[in-house]
Amino acid sequence: MQIAIASDHAGYELKEKLKKAFENVDWLDLGTHSEDSVDYPAFGFAMGRAITDGKVRKGVVICGSGIGISIAVNRFPAARAALCTNATMARLSRQHNDANVLALGSRIIGIEVARECVSAFLDTPFDGSRHQRRIDMLSEAG
(Lines give C-alpha, C1' and ligand atoms only; values in the text may rest on other atoms or scores of the structure.)
Protein backbone atom coordinates (compact mmCIF):
# COMPACT_ATOMS: atom_id res chain seq x y z
CA MET A 1 0.00 0.00 0.00
CA GLN A 2 1.28 3.46 -0.89
CA ILE A 3 1.50 6.00 1.94
CA ALA A 4 1.59 9.74 1.23
CA ILE A 5 4.01 12.01 3.06
CA ALA A 6 4.10 15.81 3.02
CA SER A 7 5.76 18.61 4.94
CA ASP A 8 6.49 22.29 4.92
CA HIS A 9 10.06 23.61 5.14
CA ALA A 10 10.24 23.07 8.91
CA GLY A 11 9.34 19.41 8.50
CA TYR A 12 11.45 18.71 5.42
CA GLU A 13 14.47 17.21 7.23
CA LEU A 14 12.31 14.92 9.38
CA LYS A 15 10.29 13.88 6.31
CA GLU A 16 13.45 12.82 4.52
CA LYS A 17 14.75 10.94 7.58
CA LEU A 18 11.47 9.05 7.91
CA LYS A 19 11.51 8.08 4.24
CA LYS A 20 14.98 6.60 4.76
CA ALA A 21 14.02 4.91 8.03
CA PHE A 22 11.04 3.24 6.37
CA GLU A 23 12.55 2.24 3.05
CA ASN A 24 10.09 -0.66 2.79
CA VAL A 25 7.19 1.81 2.55
CA ASP A 26 6.04 2.92 -0.90
CA TRP A 27 6.03 6.68 -0.20
CA LEU A 28 4.11 9.15 -2.35
CA ASP A 29 6.03 12.36 -1.61
CA LEU A 30 3.70 15.35 -1.91
CA GLY A 31 6.48 17.84 -1.10
CA THR A 32 8.03 20.12 -0.13
CA HIS A 33 11.36 19.18 -1.63
CA SER A 34 13.72 21.58 0.15
CA GLU A 35 14.10 23.73 3.25
CA ASP A 36 13.08 26.86 1.31
CA SER A 37 10.22 28.65 3.07
CA VAL A 38 6.74 27.49 1.96
CA ASP A 39 3.22 27.71 3.37
CA TYR A 40 2.07 24.63 5.32
CA PRO A 41 -1.58 24.83 4.16
CA ALA A 42 -0.58 23.96 0.59
CA PHE A 43 0.96 20.67 1.74
CA GLY A 44 -1.86 19.88 4.17
CA PHE A 45 -4.33 20.49 1.33
CA ALA A 46 -2.29 18.21 -0.97
CA MET A 47 -2.62 15.45 1.63
CA GLY A 48 -6.33 16.11 2.08
CA ARG A 49 -6.87 15.87 -1.68
CA ALA A 50 -4.82 12.65 -1.93
CA ILE A 51 -6.98 11.04 0.77
CA THR A 52 -10.24 12.42 -0.69
CA ASP A 53 -9.39 11.36 -4.25
CA GLY A 54 -8.41 7.86 -3.12
CA LYS A 55 -4.78 8.13 -4.25
CA VAL A 56 -3.78 6.85 -0.82
CA ARG A 57 -5.54 5.52 2.25
CA LYS A 58 -3.02 6.84 4.79
CA GLY A 59 -0.52 9.63 5.11
CA VAL A 60 2.02 11.42 7.29
CA VAL A 61 2.30 15.21 7.49
CA ILE A 62 4.93 17.29 9.23
CA CYS A 63 5.40 20.95 10.08
CA GLY A 64 7.20 22.69 12.93
CA SER A 65 4.55 22.01 15.56
CA GLY A 66 2.30 19.66 13.59
CA ILE A 67 -0.65 21.88 14.49
CA GLY A 68 -1.03 24.01 11.38
CA ILE A 69 -0.62 21.22 8.86
CA SER A 70 -3.05 18.96 10.76
CA ILE A 71 -5.65 21.75 10.74
CA ALA A 72 -5.16 22.10 6.98
CA VAL A 73 -5.59 18.35 6.39
CA ASN A 74 -8.70 18.23 8.57
CA ARG A 75 -10.45 20.76 6.33
CA PHE A 76 -11.20 17.73 4.12
CA PRO A 77 -14.10 15.60 5.44
CA ALA A 78 -12.52 12.32 4.31
CA ALA A 79 -9.34 13.04 6.29
CA ARG A 80 -8.88 12.33 9.98
CA ALA A 81 -5.47 13.75 10.89
CA ALA A 82 -4.20 13.11 14.41
CA LEU A 83 -1.35 15.13 15.88
CA CYS A 84 0.72 12.70 17.94
CA THR A 85 3.72 13.24 20.18
CA ASN A 86 4.28 9.64 21.21
CA ALA A 87 3.64 6.09 20.01
CA THR A 88 0.72 5.55 22.39
CA MET A 89 -1.14 8.48 20.84
CA ALA A 90 -0.38 7.16 17.35
CA ARG A 91 -1.62 3.68 18.26
CA LEU A 92 -4.81 5.00 19.86
CA SER A 93 -5.45 7.35 16.94
CA ARG A 94 -5.68 4.26 14.74
CA GLN A 95 -7.45 1.92 17.19
CA HIS A 96 -10.14 4.29 18.40
CA ASN A 97 -10.34 7.07 15.80
CA ASP A 98 -9.41 5.33 12.56
CA ALA A 99 -7.04 8.24 11.87
CA ASN A 100 -5.80 8.09 8.29
CA VAL A 101 -3.19 10.85 8.59
CA LEU A 102 -0.49 11.07 11.23
CA ALA A 103 0.66 14.62 11.98
CA LEU A 104 4.06 15.25 13.56
CA GLY A 105 5.84 18.35 14.84
CA SER A 106 9.50 18.44 13.85
CA ARG A 107 10.27 21.06 16.51
CA ILE A 108 8.46 19.02 19.17
CA ILE A 109 9.75 15.47 18.71
CA GLY A 110 12.97 13.95 17.44
CA ILE A 111 13.59 11.24 14.88
CA GLU A 112 13.38 8.33 17.35
CA VAL A 113 9.95 9.32 18.67
CA ALA A 114 8.82 10.09 15.11
CA ARG A 115 9.90 6.60 14.01
CA GLU A 116 7.99 5.05 16.91
CA CYS A 117 4.90 7.07 16.00
CA VAL A 118 5.05 6.07 12.34
CA SER A 119 5.55 2.40 13.24
CA ALA A 120 2.58 2.43 15.61
CA PHE A 121 0.44 4.30 13.10
CA LEU A 122 1.22 1.97 10.20
CA ASP A 123 1.00 -1.26 12.22
CA THR A 124 -2.19 -0.64 14.21
CA PRO A 125 -5.58 -1.56 12.78
CA PHE A 126 -8.86 0.20 13.57
CA ASP A 127 -10.77 -1.69 16.28
CA GLY A 128 -14.18 -0.86 14.83
CA SER A 129 -16.93 -2.05 17.20
CA ARG A 130 -18.14 0.77 19.48
CA HIS A 131 -15.70 3.18 17.86
CA GLN A 132 -17.31 2.91 14.42
CA ARG A 133 -20.42 4.76 15.64
CA ARG A 134 -18.22 7.72 16.58
CA ILE A 135 -16.39 7.71 13.25
CA ASP A 136 -19.77 7.69 11.48
CA MET A 137 -20.77 10.74 13.55
CA LEU A 138 -17.66 12.57 12.34
CA SER A 139 -18.63 11.84 8.75
CA GLU A 140 -22.11 13.28 9.31
CA ALA A 141 -20.90 16.60 10.77
CA GLY A 142 -21.18 19.76 8.74
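**Exercises on cysteines and annotated sites**

Cysteine 63 is buried, with a relative accessible area of 4% (buried means under 20%, exposed over 50% and partly exposed in between, using a 1.4 Å probe and protein chains only). This is a predicted model, in which local features need pLDDT of at least 70, side-chain atom pairs count only at pLDDT 80 or more, and totals for chains, interfaces and linings use all residues. Residues are numbered from 1 along each chain as its sequence is written, and side-chain values use heavy atoms, with hydrogens and water left out.

**Exercise 1.** Find where UniProt places the feature "active site", and decide whether these residues gather at one spot.

*Solution.* Step one: the unreviewed UniProt entry puts this feature at Cys63 and His96; such annotations may be inferred rather than shown by experiment. Step two: they span 34 residues in sequence and their farthest two C-alpha atoms lie 24.3 Å apart, so they do not all gather at one spot.

**Exercise 2.** Describe the surroundings of histidine 96.

*Solution.* Start with its accessibility: histidine 96 is partly exposed, at 28% relative accessible area. Then list contacts (heavy atoms within 4.5 Å): leaving aside residues up to four places away in sequence, histidine 96 touches Phe126, Asp127, His131 and Ile135.
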